[in-house]
Amino acid sequence: MKTIMHICRNEEWNEALELGEYKNPSLETEGFIHFSDPEQVLSTANRYYPGQTDLVVLIVDAGLLAAELRYDPVRETHFPHLYGSLNLSAVVAVKSLTPDEAGQFTVLPVL
């Protein structure tokens, strides 16, 4: 199983459960949903979400995705991007993402 991850607010995930699919605003503005490989999640969280306490990580089986997944160059590496909405059947787990006392993310949620 190839695992990719997406960080979002718990509220956004609950909305997706009600709608039956997950759509991030970046899908409308950029044409894709941002994902990370497991080794990229903590740096992504620290770059874009420092100190936020209402976050979850969607753990996704890339082989179950209905939309196209591509790895696009970003800075000096490549990140997975989903070119369509996320089908909930590809989400194999949802884990809380909690910062430490300094507001930094240092522990990857256990898969």
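Which residues are linked in a network of salt bridges? The network consists of Arg9, Glu11, Glu12 and Asp54, a salt bridge being a side-chain nitrogen of Lys or Arg within 4 Å of a carboxyl oxygen of Asp or Glu. The model is predicted: local features need pLDDT of at least 70, side-chain atom pairs count only at pLDDT 80 or more, and totals for chains, interfaces and linings use all residues. Residues are numbered from 1 along each chain as its sequence is written, and side-chain values use heavy atoms, with hydrogens and water left out.

Glu12 is buried, with a relative accessible area of 18%, whereas Arg9 is partly exposed at 29% and Asp54 is partly exposed at 35%. Here buried means under 20% relative accessible area, exposed over 50%, and partly exposed in between (1.4 Å probe, protein chains only).

The count of salt bridges comes to six. One of them joins the side chains of Lys2 and Asp37 at 3.2 Å, N to O. This pair links distant parts of the chain, with Lys2 in the segment before β1 and Asp37 in the loop between β3 and α3, 35 residues apart. Lys2 is partly exposed at 42% relative accessibility, while Asp37 is buried at 8%.

Note on methods:
Helices (H or I, at least four residues) and strands (E, at least two) are DSSP runs, numbered from the N terminus.
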